[in-house]
Amino acid sequence: MAIDFTFTDEHEELRATLRAFLKEKSDEAAVREQMATERGYDPDVWEQMAGQMGLAGLIIPEEFGGAGYTYVELLVVMEEMGRSLLCAPYLGTAVLATNALLHCVDETTRKELLVGIAAGETIATVAHAESNGRWDLAGVEMRAEKGEGGFTLSGRKCWVLDGHTADVLLVVARHEAGLSLFRVDADATGLERTLVPSLDITRKLAQLDFNETPADLVSAGDQTDALQRVLALTVAALAAEQVGGAQMCLETATEYAKTRLQFGRPIGSYQAIKHKCADMLVEVEFAKSAAYAACFSAAGNEEDFLETAALAKAYCSEAYFHAAAENIQIHGGMGFTWELPVHLYFKRAKSSELFLGDAAYHRERLADLVGI
Amino acid sequence: MADHRSMSEDELRARTRALLDEAHPEQVEAIPFRQAQYDHGLAWVHFPEGYGGLNLSPKMNVIVQDEILEHSKISHGMPAASIIGIGMGAPVVLTYGTEEMKKSMLPKIFTGEEIWCQLFSEPSAGSDVAGLATSAVRDGDDWILNGQKVWTTVAHLSRWGMLLARTDPDVPKHDGLSYFVLDMQAPGVDVRPLYQITGEAEFNEVFMTDVRIPHDRMLGKEGQGWRVAITTLMNERVAIGGGGSKRKGGGTISQLLELWNDRNKNAHSAGQEALLRDRVTRSYIDQELLRLTAQRARVTQQAGNPGPEGSVAKLAQAEMMKRLWELAIDILGNDGLAYEAGYELRQQASGIDTTEGLAKYQFLRSRANSIEGGTSEIMRNILGERVLGLPGEPRVDKKIAWKEVARS
């Protein structure tokens, strides 16, 4: 089915509201303050966003206290958050964990956790990658042990979004039913959570070490397909976030090119700089087409969603990184300083590119899916 | 005159069916059918009544086409050689032509009885079209033309040419141009094929030696040719952009995938195969994004707020097509060393490239994608200056007389 790409007045209103809110609560000073903390976000801002504005439960159905919106609204939100480099556990809780809860777990757990997330009271995340360096689900090696008192987990999970602050961890591990989800609460015994010093300090990643840690099995049957969909939904949202960041890099670079004078004229009047900006514009527009297609496809539950999501992550990853890199170059020496926020976008771009599989990884997935 | 502004889509469909009742494409030849279509106001529905239109929105043209295709196996659609006349000639005649020109020329443009070409580019005026040197000197009721045009599609088939000439060399370049409709059969007009990289000639060179052109064939006022030309050029971008398949996996990418599936799998190592596969996937992504971006442009256009997504298409498409056909040759490997079709110098019958084409032909032909209709460098300037608002380069030719400007 053809994707419609129509944004309604309500969507534009949502965008405007969010942009105004983030301009106030997630300006450069706020980002710099939060990125330097271990927690990595401002609980007051989270409380306003999640509780009062209903953003944490944006895609959570109304029956669980959410707003019941679709991926079209989510794409608008992600784009704006990417633009402002918001420091918050949004991707982990409201996207990754929420989708896992919607698609993989039993009804009791789903209800309990979604209600908490929608209310802004629960921070949750999903842990699937391990130290073998793989993002694909076949790379999950952790096995749950079944003892008298239930299941326990042992081993290490890596690159877990907000894993050091989350109240609830949904851990992907194998047992006889196949790939499954286990719930581990933050205060479980034998759980050690370590904040990883990350390339992008605006997004917190943790390493989780389990040592015979009690875990509740919360899924029934093999979850490989369902989790594949959850990961695809997460990269679709991440692609929208990348678009927001890339658009910001384009705007920042263009503005600087208009005002920075060398040899008696604005550097943007030189074709060497102007053409860089034009190429960024093309890539940003194409990245929008890719990310919007993926999110509209998710919203419409289109058959080709998995392909569209892989395509979006592949293209937006490179477009954002290129925009962020050119933004440094166009800013010249100043682009290389700590003082300007240019490097923050550069780091976010590279880390978003690598997270959940880089462009080459997703191109290979796409090739497999469409039979290239 | 009846007001058709409020005509609904259903009413337009009914009117199209009335045309089909009177002249059905399966029963009448192309020219009488298209003449009837013109007389019913269904040629360009956005044109005024009496000139092939009904004063409707341009968006409604597609309804006529759909309705014809719905009820007939034959559409008698636009003849390939008429694309310039229909897309660019007709709007400029409608806007600037005399009543007599409109009445006599518009129907024949639409039926395909008279082919039109565009005489703007010159050997010394490519991207800088406004710097052109063909001169027109007033002599009584006539102008006398001397000069050379180049890259003229369908000139060898044309009855009329849209010509830009310099009528005043003593003012800055944009101010000294006038716009004429040239009779291509006039004495002193010499059309020669221009053979290109593939050996074929899609284009021509047109030489003009002491050609007389009556003053009343000037469109717009003397010295206002550039403004008239802009009308033509704007329509050209619309004609060239907006390509690409509307169907997923359709069009060019299906040709590439076919080539990939048929490749000699023993010719490359596993590492080379992996690299080629990644490049094929990149091309797949490119083509999908061209399609999706065109779709997105249509949506924002219909919503009345066209964004930059429309203007990036020309640049992106040109560069992506070149990459795609380069890859095609790389997939062919050693077979890419051969050019089976050979380079026999020849001129295409219609003068317009409509071949689906072999990969090797497209590999050569696609080099023009980033040159014709605005080079990629000019497109980047336009995107940078008009969309992003970056300042222009300092210009050395804007305020001085054209004849003082350095030329190659």
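## Confidence

Residues 238-244 of chain B keep a pLDDT under 50. For this stretch the predicted model has 14 contacts beyond four places in sequence. Where pLDDT is low, predicted coordinates should not be read in detail.

Chain B as a whole has a mean pLDDT of 90. Of its residues, 92% reach 70 or more. For the complex, the predictor gives an ipTM of 0.95. The pTM is 0.89.

## The A–B interface

Chain A brings 33 residues into contact with 32 residues of chain B. Several elements of chain A each supply at least two residues to the side that touches chain B: α7 (224-259), β9 (265-266), α8 (271-299), α9 (305-331) and α11 (359-370). The largest share comes from α8(A), with 13 residues.

What is the class make-up of the side of chain A that touches chain B? It has 21 nonpolar, 7 polar and 5 charged residues.

## Helix packing in chain B

Two packed helices are described by the angle between their axes and the distance between the axes. In chain B, helix α9 (residues 313-332) packs against helix α11 (residues 376-387) at an angle of about 150°. Their axes are 9 Å apart. Angles over 145 degrees count as roughly antiparallel, so α9(B) and α11(B) are roughly antiparallel to each other. Their crossing is left-handed.

Which residues meet in the packing of α9(B) and α11(B)? From α9(B) come B:Lys314, B:Leu315, B:Ala318 and B:Glu319. From α11(B) come B:Ser376, B:Met379, B:Arg380 and B:Leu383. By class, this contact has 4 nonpolar, 1 polar and 3 charged residues.

Technical notes:
Residues are numbered from 1 along each chain as its sequence is written. Chains are lettered from A and ligands numbered from 1 in the order in which they are written. This is a predicted model: local features need pLDDT of at least 70, side-chain atom pairs count only at pLDDT 80 or more; totals for chains, interfaces and linings use all residues. Two residues are in contact if their C-beta atoms, placed from the backbone, lie within 7 Å. Helices (H or I, at least four residues) and strands (E, at least two) are DSSP runs, numbered from the N terminus. Ala, Val, Leu, Ile, Met, Phe, Trp, Tyr, Cys and Pro count as nonpolar, Asp, Glu, Lys and Arg as charged, and the others, Gly among them, as polar. pLDDT is the predictor's confidence in each residue, from 0 to 100. Axes are lines fitted to C-alpha atoms, for helices over the stretch in contact, and angles run from 0 to 180 degrees between N-to-C directions. Angles under 35 degrees count as roughly parallel, over 145 as roughly antiparallel, 65 to 115 as roughly perpendicular and the rest as oblique. A crossing is left-handed if the near helix is turned anticlockwise from the far one by less than a right angle, and right-handed if clockwise.
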